[in-house]
Amino acid sequence: MAAPEPAPRRGREREREEESEDESDILEESPCGRWQKRREQVNQGNMPGVQSTFLAMDTEEGVEVVWNELHFSDRKAFSAHEEKIQAMFEQLALLDHPNIVKLHKYWLDASEARARVSTGTVGAGAASRAGRPAVGTRPPLAEPASPPAPQVVFITEYVSSGSLKQFLKKTKKNHKAMNARAWKRWCTQILSALSFLHACNPPIIHGNLTSDTIFIQHNGLIKIGSVWHRIFSNALPVDLRSPIRAEREEPRNLHFFPPEYSEVANGTAVDIFSFGMCALEMAVLEIQANGDTRVTDEAIARARHSLSDANMREFILCCLARDPARRPSAHSLLFHRVLFEVHSLKLLAAHCFIQHQYLMPENVVEEKTKSMDLHAVLAEIPRPSRPPLQWRYSEVSFLELDKFLEDVRNGIYPLMNFAAARPLGLPRALATPPEEAQKAKTPTPEPFDSETRKVIQMQCNLERSEDKARWHLTLLLVLEDRLHRQLTYDLLPTDSAQDLAAELVHYGFVHEDDRPKLATFLESTFLKYHGAQP
């Protein structure tokens, strides 16, 4: 017969259960009822300047999220700029990238009184944490005597594994060195996110990139947070900036910011310097600080010299150049020899599969496996004077294939080496102030997105149609990010080179600066082909 548990142990277990119940209490709900704020606070510092961050539940998706609260003390100033704040968050919610912490929803709360959902009891554990005697029950939460300060509440995705800095500390504590392959994968994912932001028009500058604002998930997926911070702090007037705090205010984070860093936008080179410092910290696990104060230049130099890989050292040094003009772009860094690799056919096929997955059933891999002859030959390499080398379907692990497709879908293996330099579907309102947008309103249809990349190579071919009545034009354009764009068009007798070039600019196929060059090129092609005709 088992001995009864000691009373102190049972008491401790009951206290832990009560603490767990208290933390899961629902304090508040979003206006739509989808997001439920819990009592448990989270230390996910992806939003510097936010006074309160709580764990919350997405009742539709059944996942945990972060409930962020940004308070404003000046109610009058908040009301004056409410529309501007709303417009910024409306557009920031459109930013969608696998390596950027997603902002799901936001709302402005300037009501005189806020309804609290929770009216339950507080257990002994919660009471003791709050610094007051334990009581079995408590009355409903009392409303504050004065009206609460206005606030912006926004919901972001929850990265449960914590920040990159926390992960590096745990790795060093376990006396492990950083794996070079993992370092490359992380750098690629961070640069993928920065390239996406910097390719917007105008570029979105993060301006607050540190190992505290970079997060890592259990599957190795990297996400950068605090993307809203730079836009928000720059756009708000001085009387509303008081809640906004940057990581730069922390002495231990000063080394992440370049010498030219200031409160005004400095360009994308600011982020490249910060990325270089993050890459250095990832490589050495920790840059030793002088006590609790800032990291010195000597400590940074020692960390650089400790790197045994010459390519890695050169890669980090070019990011940390004192002159901002000498720092490479995020997109070009993806082609640096320390990161660049020719993607396998397997990875290219996986990306193609993900892009066209909407044409296939959800369990297509499982269904195909059932109807497949596992002894059939998948690939064969002929060898002279020897039997061919064959690879059969039975040698493929379909579970591993599913896992690989899931990782590609989640953004762990980005194809940035072949992707366009600018993201598709940019939030245009981030680029154009509302005042200018009002002035631009006309009865005509909205213009197409303009091309931001320059043409570096042109090829043109003209062929007669079968009835010899028209010319068929094929135009091949190579853009500065090596994207090949092929366009075809049936020429009319009234078409001119200038009109065609203007039309290509209008529809967003060619940059405005390339219009004269393209018109001249087309004119010379027309003369060459027309002159050769009998």
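The model is predicted. It holds 15 salt bridges.

**Salt bridge R38–E64**
- The side chains of R38 and E64 form a salt bridge, with an N to O distance of 3.2 Å.
- This pair links distant parts of the chain, 26 residues apart.
- R38 sits in strand β2 (residues 35-41), and E64 sits in strand β4 (residues 63-71).
- R38 counts as buried because its relative accessibility is 16%, and the cut-off for buried is under 20%.
- E64 has 35% relative accessibility, so E64 counts as partly exposed.

**Salt bridge K223–E157**
- K223 and E157 meet through their side chains in a salt bridge of 3.2 Å, N to O.
- The two residues are 66 residues apart, and the pair links distant parts of the chain.
- K223 belongs to strand β8 (residues 222-224), whereas E157 belongs to strand β6 (residues 151-157).
- K223 is buried, at a relative accessible area of 6%.
- E157 is buried too, with a relative accessible area of 15%.

**Salt bridge R327–E260**
- R327 and E260 form a salt bridge, and their closest N and O atoms are 2.7 Å apart.
- R327 lies in the loop between α10 (310-319) and α11 (330-333).
- E260 lies in the loop between α7 (228-235) and α8 (269-284).
- The pair therefore ties together parts that are 67 residues apart in sequence.
- R327 has a relative accessible area of 7%, so R327 is buried.

**Salt-bridge network**
- A network of salt bridges links E28, K37 and E69.

**Helix α14**
- Helix α14 spans residues 398-410 and has 13 residues.
- From its first C-alpha to its last, α14 reaches 18 Å, close to the 18 Å expected at 1.5 Å a residue.
- The buried residues in α14 are F398, F404, L405, D407 and V408.
- An α-helix has 3.6 residues a turn, so residues three or four places apart point the same way.
- The cover over the buried residues of α14 includes α12 (345-355) and α13 (364-370).
- G411 follows α14, and the phi of G411 is positive, near 95 degrees.

Definitions and conventions: Residues numbered from 1 in each chain as written. Predicted model: local features only at pLDDT ≥ 70, side-chain atom pairs only at ≥ 80, totals over all residues. Heavy atoms only, no water. Helix = DSSP H or I, 4+ residues; strand = E, 2+ residues; numbered from the N terminus. Expected span 1.5 Å × (residues − 1). Buried < 20%, exposed > 50% of the residue type's maximum accessible area, 1.4 Å probe, protein only. Contact = heavy atoms within 4.5 Å. Salt bridge = Lys/Arg side-chain N within 4 Å of Asp/Glu carboxyl O.
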